[in-house]
Structure formats: C-alpha cells, structure tokens
Amino acid sequence: MVPRDRQEHASPTSLRHLQPATPMSATRSDQPQSSGAESAEQKTLRDLEWDRLVSAVASRCRGPRALRLGGEDGEPLPLAASISEARAWMAETEEALRARRDGEPLPLDGIRDVRGALARVTKLGVLEALELWNVKTTLGAARVLRKFLAQRKQRFPRLVVECALDPTLDALEEEIAACIEAGGTIADHASPELRRVRSEVAGLRARIVARLEQMLLEHEAVISDRFLTQRDGRYVIPVRTDAHEKIPGIVHGTSSSGATAFVEPRAIVEQQNRLTLAISEMHREEQRILAQLSDLVRERAPELGAALDGLDLADLRDASARLAEDLRAWPPEILDEPRIQLHAGRHPLLTLDGVTVVPNDLEIGGGQALVLSGPNAGGKTVALKLLGMVALMARAGLPTPAQEGAKVGFFDAVLSDVGDEQSMQKNLSTFSAHVRSMARTLDLAGPRTLVLLDEVATGTDPGEGAALACAIVDSLCRRGAAVGVTTHYEPLKAMALSDTRFRNASVGFDVQTMSPTFHVRMDVPGASSALAVASRFGLDPVVIERARELLPEQARTFDALVRRLESEHDAVRATREGMERERKQAAEVRERIEVELEKVKQRDKTRLSLEGERLMALIRETRDEVRAARQSMRKSPTDAGLIEAAKAAVERAALLAAEGGEIGSALAPDRSERPGDAPSPDEITVGQKLFVPRLKTEVEIVEGPTKGRVRVAAGAVKLWVELGELRPSRDGARASKDASRGGAREHAREEVRREEGPREGASRELPREPARRAIQTDANTLDLRGLRVDDAVTMTETFLDRLYGDSTPVGFIVHGVGTGALRDAVREYLKSATRYVKRFRAGSFEEGGDRMTVVELGG
C-alpha cells in the first residue's frame, strides 16, 4: 500500500549500465580501430555467416534478449577482449550446460523487457500500471534465480558471482505486488482513498444504470433499442429522432443513419455530474499511486539495472548451453597460444540445418599454414570456415562443435577472403578485388591473427598466380599468423612437403562413386580431380577424354602420386582405427577384470571381518564365563556346586577353542586354497615362528604336526592351522620356546585342579623367595602404555592367564611412569589378583626401572 504523504518526485538517476553492451571487436582492443579493420571484421562475419549463428543463439534465449540479439538493427553477440575474459565466459557457459545436463536448467521464466520503462522513469516519467507489473514480474524472476544459484553455489561459483542479484529488491517487488494486480490494474487496496472513491463511483454508476433501465421501460414507445450506451463518458438512452422531445434531456448526438438520437435524461444529469467528478478524483488517486511506485523504481534504478544485466547474462549463457546441446558441442580448453586442435569437428551451421556432417580432425597454429586441397565441392571451404567459426565461438563463450577435449587459442582478429569480390561499381575484376583484400590482410595480420584464404590468387595466369599464392602465404606465416588456405596450385602443395611451417591436408574423392567423401586427410595433398568432377556434373565424355589426352605428363604423374599417398593414408588410417578398437576392447576387458577382482577382495574382506567379529565375541563371552567362575571359586572355595560350575565353564572354553569348536571353526582355513610353498612337516619344530597369511600375523608352533595340521599360538589365542597355510617368517627369525603342556582340555582340567587346591586344605600363602631372573621376550611382555585403567586391568588379567597356562614363570608388564595412575592401578590389581601371582616388583635399572612391573607366577 502506498502512503499518500510519500514524496511525489525523486531526482533522476544515471543508468549508464542499462545501455546494451558494446560489442567486442574482432580485432585487438588495445590497438586503434581503422575503417579498414572495421571493414575486414564485417567482411569476416559476412563470409562466415556469423549472423546465422547469432540468430540461433537468440532463438534459444527465453527473455527479452531474444528480440534484441542479432539482426541488422539488433545487438551483436559480444566477443571477449582478452584470454581471461574468454575463459571466464566459457566457464559460465560450462556451468549452465552442466545444469541442463543434470536436469535442472537455470530458471529464467518471467523476464520482461523493462529497460525502456526504466530509462523513462529516470527522466522523471511515470510508469503505467502494466509497466510496473512487468517490473514486478522481472524482479520475481531475479529472486527465483538468486535463490536457485545460492543453493548451488558450490557447483556454479562463476554464475553466482556474475549473476549476483540484490536481495533488497525483494522489497520493491512486494511493494509493487501490493498495489498492482496481474494484468496491470491498480488494486482497490492500493490506498484507503482509492478504495473509497472507487466504491463511490461504483455506487453512482449502479444507481444511474438502474434509473435508466427503468426509463427504458417507461418510455418503451419512443425507445429505438433496449440498451444503454455512453457518449463522451456519460450514459444515454437511444430515442427515435422524431420523438426525442418526449424525454426531456440533453441530446449528445445521433446515429449514422439519423434515425436515433442519444439522449441524457434530465433526471440523471445531476447524478452523472457527480459520477464524472468521482471518476476524475479516482483517476487522480490512481496517478498518485503510479507516481509513488515510479519513485520507488527510480530510487532502486541502479540495483534494478544490475539485476537486468545479471538476468540477461544468465539467459545468454543458458541459450549458449542449449545451442551446445543441439550441436553436441563441448567447452574447449582455451589456450594462451594461437592454436586450434579439433577432433571430429563439425560445422555448426550445417548441423543446425539438419545436414549429415562428416566430422573431421583439424589443427592449425600461429606462424603455420594449413594447405587444403582436393576436388571442388569436396568440403575444403567448409573446413576453412569451421576454423574461423570455432575461433569466434571460443571468444563468444560458445562451446566447440567437436569431440570433448578440443583446444582453441585466443585470436585477436579473424580475417577472411572467401568468395567472389568482383565489383562492377568499383571497376574491379575478381583478381583485382582479391589483390586489394590480400593487401589489407597483410597490413592487419599479426601473431594472434587467424587468416582464412579461399582459392588464393586465382583469376590470373596459373604460373604467376601460384607464385603469388606461395609468397602471400609465406609472408603471413612470417608475421606469425595462423593461415588456412584452400588451393589447386601444385607449387603451394609442394611447399608443404619441404617447409615445416606448412602442412598439407586434403578432402577425399571416391573414384568408384565419382563423388567427394568430405573427409579431411591431414598431411596428404589432394588431387583437384577436375576431370572427374566435370564428368560427375554431366560434361560430354568425349570432351573429358580429349582433356585427359592433353593433360601434361607432369600433371598426370603428380595426380598418380597423390592418389597413391591417399591410398596409403587410408590404409594406415584403417590400421590405426583397428588398433584403437582393439585397445579399447582390451581396456574394457581389463576394467571388467579389475572390477571383478575388487568384488572378490571386498567379499573376502567382508567374510574375514564377519568371522573376526564372531571370533572376538566368542572369546569375550568365554573369557567372561571363566572369570566369573574363577571369582566364584575364590569367594566360596568349599562350595561343590560352584566348583562344578567353574569346571563346566572352563571345559566349555576348551571345547570352543579345540579342534572343531566354534572358535577353531572360525579360524579354520579355506581348504580350497592350499599354497604349495609351505614347509614340509620335517622342517617344523616346536617353538618355530612362521607366518599365516589368512591371519595376517606371525605365529609360534606349540604342538604338532599331527594329521597335516599344527597347533599355533597367535598372541593369547591358540588354534589349529593347516600345514599348507604356513609360510616362512617375514624376517626369517627362528626362536625356541617350551612346548605347550597339552591341549585346551588339559589346560582346562589343570586350571580346575589348581582352583580345587584350597578346598582340600592346601595353604594359599607362597614362600617369599627372591624373584628369579628371567629373559624378557615378546611372548612374556605386555605393553599397556596409552590404555585406560579399565582396559589395562582386563588385558593384565588375560595376560596372566596365558602365562600361567603356558607355565611361564615370569612376566613383564610395561605401563610407563607418567602420572603413575596406570602403574598404581596395575599393582593394586596384582595385590588382590589371582592366587597364582607369587610376587611382583618394580623393574631393575637394566629392566627399565619403575616404568615396568615384573611379576613372578607360581602354582
């Protein structure tokens, strides 16, 4: 709603940024532009039919730029003035193309052409309601695009920056929406005064119409028709001309036939006067609202202009992406050097025309010349124009119609001499016009110039023309220009065989079908095949045969040489394509094998992980049962029931770890895989250390071999493994150790017997003898550094159980010093630990001092 006390007018605001973007010249921006350079640029764009490509872009725009872009009086398609600008534009197009290929194109619906209205409002003009509605719709489109890009700023960073839209413009959109309704009408609720006066107008109009309809019934005899109409904004009724005096009032006119007079009855004159005044008041209020809304637009004109620029840019990039989809084009790598490298390039205009285009590889660089030869109507000029189109498309932010991976350098200028420049008005022959064009081209050519010459130096003596053509191309290469030239001159083709700056290329001709193939062969000169082309187009065979007879021997020899080169080139190309197919097939097979290997690895990894988890769960469960039974026996050593429970728990643990038990089965080898380089049974001794790949660890032989298996110790776990699973230790070390004193069942029974000792009255006190000196090894050492107290105590208990089961007399516990908390906790546990801890002490100086506790065990 617009307040009435808002200021009626605002100061004008400059809108320089609202003007259409100045087109980038195809010549260097840091050099003065001469009329010759401008003419050369215009000629190049005309030769390449650039306006058709611009029209293709414009037709894919969804906003007002579709109407402004292209045409004789329209905006040109901007060309980047620098390499960095060209790369930035191409990156923006690439983001728009990625958005389309991801199924979420840029939202650009609702953009209206409001630049004219915005320019007018800055000159203190008042916008109409429909113009304000268009501004509101455009602001809505800007809001939607801003939110779309903000949600995807990681994917489209350049578009986010270049299409930055001011979020404060949302308030202007809301202000206009509150006053203007769809279709461009002012809403009744735009202001209280407007609502009041419109209500008054509606009431007066209703009363007037009701009174007039009543009079139509009352004076039916003199009424010429049963309808109401208006004259000069006032209601009248149609009365027969001969009876108009029977209805007193004001006559506002007659019909074209003169048979009807339009009379405003005197009875409603006063009411109509009040209606006229009310309508005038309503119009004044509506104009006030429009003026205030125009003031709001004028105040935000710079931000609104920037938003229009951002929308236009987004629309242009989206249109470029749509064109790329239609052309199957890819954003090229824009090089610093002036070079073009295309794989399977296709002329964009032929593709848009629906023509089946033969893709070709083309390459050209600065200071080099690509000499295209071959028969007429074979595609030489199409290939030539493709180079120019690609160079300009790269500067316009348009992807390249070729395979992915194209490389296009930045060219400051693209100069062309394509077509017949004969002029009757200027008294110029074809040759004279070409010479004038060549002189201008030589003046403008430089290191970053792409020059396209079609049939250079034709229209004169063939010998002199060939010499002139060679000199012109050589001179352009010396200037550093990249030159593409089509020719039938054999000396120019021959230069490409001896001068490394020149490179031959030719379009093919199928002798069997007598038709061109449109395929470009690089590094092979082409025969003109003039006689074959003439025969194809219906020239008398007698004439063709006579021409062959008159053909010089040198020409026939050169033609035969060229055809042999073409044949060999085709053979090499076919071989290369076959090898490439085989390479791709091998790569596909290798990729499938790698995928299958990865699947096998993942399956094995998953299986081992699941087996490991199950094994650890069984070990934890068994350990807890043994610990619970042992603690119960300590608390009630004479309770026969508890002794039996302990026996059962220990026996179950032995069964689980024994051959065929759950733990043993979990660690059982895969019998389908038996390596053949395992040591023989005669080479295996108790105490020997070997490596088991399945366990990924080194183990120690504690029993066996028995029935093709041995019992090994992997840390605190003992299990049976197949002989075929054993491998030599990685470091080749061998160590000896006392064999285990029995299987798991014997350990279990021995454990129970020891626990039964106190029940039979044996003393639990151990004699206090000096600690025996023992050799510290990995097997009798436990490192607790870095662990929490609870975990350290649990590992200490398991460690002591293993030492006791192996009849190892002394154990070494490394806990470090630190704050002393871990050391004190371990020693506190040892004081109240199992009865087989005979004594413990701090390590000696040689053993590491107080960072270690030495434990002596006894039965």
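Modeller: Four strands form an open sheet in the order β7-β11-β8-β9, and their pairing is mixed. Its edge strands are β7 (333-335) and β9 (360-365), each of which pairs on one side only. From one strand to the next, the twist averages 20°. Strands pair here if DSSP finds at least two bridges between them. Strands (E, at least two residues) and helices (H or I, at least four) are DSSP runs, numbered from the N terminus.

The model is predicted: local features need pLDDT of at least 70 and side-chain atom pairs count only at pLDDT 80 or more, while totals for chains, interfaces and linings use all residues. Residues are numbered from 1 along each chain as its sequence is written, and side-chain values use heavy atoms, with hydrogens and water left out.

Strand β11 (residues 407-409) runs parallel to β7, and three bridges join the two. Within β11, Gly409 stands opposite Leu335. Helix α13 (residues 380-395) packs on the sheet and touches β7, β8 (339-345), β9 and β11, its direction making about 115° with that of β8. Contact means heavy atoms within 4.5 Å. Axes are lines fitted to C-alpha atoms, for helices over the stretch in contact, and angles run from 0 to 180 degrees between N-to-C directions.

Glu363 lies in strand β9 and Arg339 in strand β8, so the pair ties together parts that are 24 residues apart in sequence. Here a salt bridge is a side-chain nitrogen of Lys or Arg within 4 Å of a carboxyl oxygen of Asp or Glu. Arg339 counts as buried at 18% relative accessibility, while Glu363, at 28%, counts as partly exposed. Buried means under 20% relative accessible area, exposed over 50%, and partly exposed in between (1.4 Å probe, protein chains only).

By this rule the count of salt bridges comes to 50. Another is formed by the side chains of Asp109 and Arg62 (3.7 Å, N to O). Asp109 lies in the loop between α4 (83-101) and α5 (115-121), and Arg62 in the loop between α2 (50-58) and α3 (65-68), so this pair ties together parts that are 47 residues apart in sequence. Asp109 is exposed, with a relative accessible area of 62%, and Arg62 is partly exposed at 31%. Both are in a network of salt bridges that links Arg62, Arg100, Asp109, Asp318 and Glu325.

Helix α8 (residues 169-179) packs with helix α10 (residues 269-299) at an angle of about 170°, their axes lying 10 Å apart. That makes α8 roughly antiparallel to α10; angles under 35 degrees count as roughly parallel, over 145 as roughly antiparallel, 65 to 115 as roughly perpendicular and the rest as oblique. On the α8 side the contact is made by Leu172, Glu175, Ile176 and Cys179, and on the α10 side by Ile289, Leu293, Leu296 and Val297. By class, this contact has seven nonpolar, no polar and one charged residues. Ala, Val, Leu, Ile, Met, Phe, Trp, Tyr, Cys and Pro count as nonpolar, Asp, Glu, Lys and Arg as charged, and the others, Gly among them, as polar.
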